[in-house]
Amino acid sequence: MGDVLADSTMDAVQRRLMFEDECILVDESDNVIGHDSKYNCHLMETINAGKALHRAFSVFLFNSKYELLLQQRSATKVTFPLVWTNTCCSHPLYRESELIKEDVLGVRNAAQRKLLDELGIPAEDVPVDQFTPLGRMLYKAPSDGKWGEHELDYLLFIVRDVSVKPNPDEVADAKYVSREDLKEICRKADAGEEGVTLSPWFRLVVDNFLYKWWDHVEKGTLNEAVDMETIHKLIE
């Protein structure tokens, strides 16, 4: 705990979450092999030692106009502060309700919990049975010299009109975007314009899956895109 307390750049909320939250450790086949603190799981030292791969999720929430809700991570986030990313990105925790394997219910429960925590979206606006798990990807990405990500990420889509009240400890900004808006954001990020940056996991989804899955969102055929058997190994 001394290392956590010694990290003077970490605010109190992020310090508490990093130390108290227990991530689910998995192997590359997504078998649960243990648990560890969020703090340890995001240290590059642990990642480079091959001891930090953990389960995560990324939510892509669309409104009834088929616009995607993006968030900008808060300045106090330990990994990837102030980058733009998909609606919500976090971890199922090592607790009974979020370890349920059947129908990906544990991950869905975690997604509902974090949409409330980060964006103030009430649970009744995002029923767990309305999330469509489309696939899984494995990636690794450094944030800076000390922190990084090594995650087996569940990609969840949901189409709902929701109430949004961002939590400033987690989210600096949030906005809905069309496909063309997102393409322009990516262009700015690639060109280094206006300080726009994207999270590595979001960019991997954009480059590999998002637009073809967006087609299914608009057609109401998301179930045709589901592939929960494959684990896509993508390295950032």
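This is a predicted model: local features need pLDDT of at least 70, side-chain atom pairs count only at pLDDT 80 or more; totals for chains, interfaces and linings use all residues.
Residues are numbered from 1 along each chain as its sequence is written, and side-chain values use heavy atoms, without hydrogens and water.

**View 1. Helix H5, residues 105–119.** Helices (H or I, at least four residues) and strands (E, at least two) are DSSP runs, numbered from the N terminus. The 15 residues of H5 reach 21 Å from the first C-alpha to the last, close to the 21 Å expected at 1.5 Å a residue; the expected span is 1.5 Å times one less than the number of residues. Gly120 follows H5 and has a positive phi, near 65 degrees.

View 2. Buried means under 20% relative accessible area (1.4 Å probe, protein chains only). Among the buried residues are Gly106, Arg108, Leu115 and Leu119.

**View 3. The largest pocket.** A pocket is an open set of points on a 1 Å grid over the protein atoms alone, where a 1.4 Å probe fits, with protein on both sides within 12 Å along at least five of seven lines; lining residues have an atom within 4 Å of a point. Of the 20 lining residues, Asp30, Lys101, Val104, Arg136 and Tyr154 lie nearest the centre of the largest pocket. H5 gives the largest share of this lining, three residues.

Conventions
Buried means under 20% relative accessible area, exposed over 50%, partly exposed in between (1.4 Å probe, protein chains only). Grid points are joined across faces, edges and corners, and a volume is the space filled by probe spheres set on the points.
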